[in-house]
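Here is a short report on a protein chain and how its parts pack together. Please look over the sequence and the structure first.

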Amino acid sequence: MYTPAEAAAMLRVRESWLRKKASARVIPCTFIGKHLRFSEHDVTAIITAGAKQPLGRRGRVRP
């Protein structure tokens with residue numbers, strides 16, 4: 001289990017952003033008592049959810 005600071009460093013985001021999203025339940029996280037933690041699965045899910053598929057290059061159609 002990772003602390004918010006550790007998870008933020010791994011994800012290369014601000015800890016405040018990570019805490020805000022976790023509190024709003026927008027990203028997967030675990031609360032142990034009142035302590036916020038992130039599992040390996042949580043971190044992987046956050047990365048996967050943020051991945052964007054590349055847009056194909058749009059070429060002109062020539063007659």
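Among contacts in the protein chain between residues at least 6 apart in sequence, 42% join residues at least 24 apart. Contact here means heavy atoms within 4.5 Å. The model is predicted: local features need pLDDT of at least 70, side-chain atom pairs count only at pLDDT 80 or more, and totals for chains, interfaces and linings use all residues. Residues are numbered from 1 along each chain as its sequence is written, and side-chain values use heavy atoms, with hydrogens and water left out.

The protein chain has three helices and two strands. From the N terminus, their order is α-α-β-β-α. Helices (H or I, at least four residues) and strands (E, at least two) are DSSP runs, numbered from the N terminus.

Of the 63 residues in the protein chain, 22% are buried. Buried means under 20% relative accessible area, with a 1.4 Å probe and protein chains only.

Helix H1 takes part in two helix pairs, tabled here.

| Pair | Angle | Axis distance |
|---|---|---|
| H1 (residues 4-11) and H2 (residues 15-23) | about 110° | 9 Å apart |
| H1 and H3 (residues 40-50) | roughly 35° | within 11 Å |

Axes are lines fitted to C-alpha atoms, for helices over the stretch in contact, and angles run from 0 to 180 degrees between N-to-C directions.

Take H1 and H2. Their angle makes H1 roughly perpendicular to H2 (65 to 115 degrees). The crossing is right-handed: the near helix is turned clockwise from the far one by less than a right angle. On the H1 side, Pro4, Ala5, Ala7, Ala8 and Leu11 take part; they meet Glu15, Leu18 and Arg19 in H2. By class, this contact has six nonpolar, no polar and two charged residues. Ala, Val, Leu, Ile, Met, Phe, Trp, Tyr, Cys and Pro count as nonpolar, Asp, Glu, Lys and Arg as charged, and the others as polar.

Now H1 and H3. H1 passes H3 in a right-handed crossing. Ala7, Met10 and Leu11 of H1 meet Val43, Ile46 and Ile47 of H3. The contact of H1 with H3 has six nonpolar, no polar and no charged residues.

Ser39 sits between strand S2 (35-37) and H3. Is Ser39 buried or exposed? Ser39 counts as buried because its relative accessibility is 17%. Leaving aside neighbours within four places in sequence, Ser39 is in contact with Met1 and Tyr2.

Note on methods
Parallel < 35°, antiparallel > 145°, perpendicular 65-115°, else oblique. Buried < 20%, exposed > 50% of the residue type's maximum accessible area, 1.4 Å probe, protein only.
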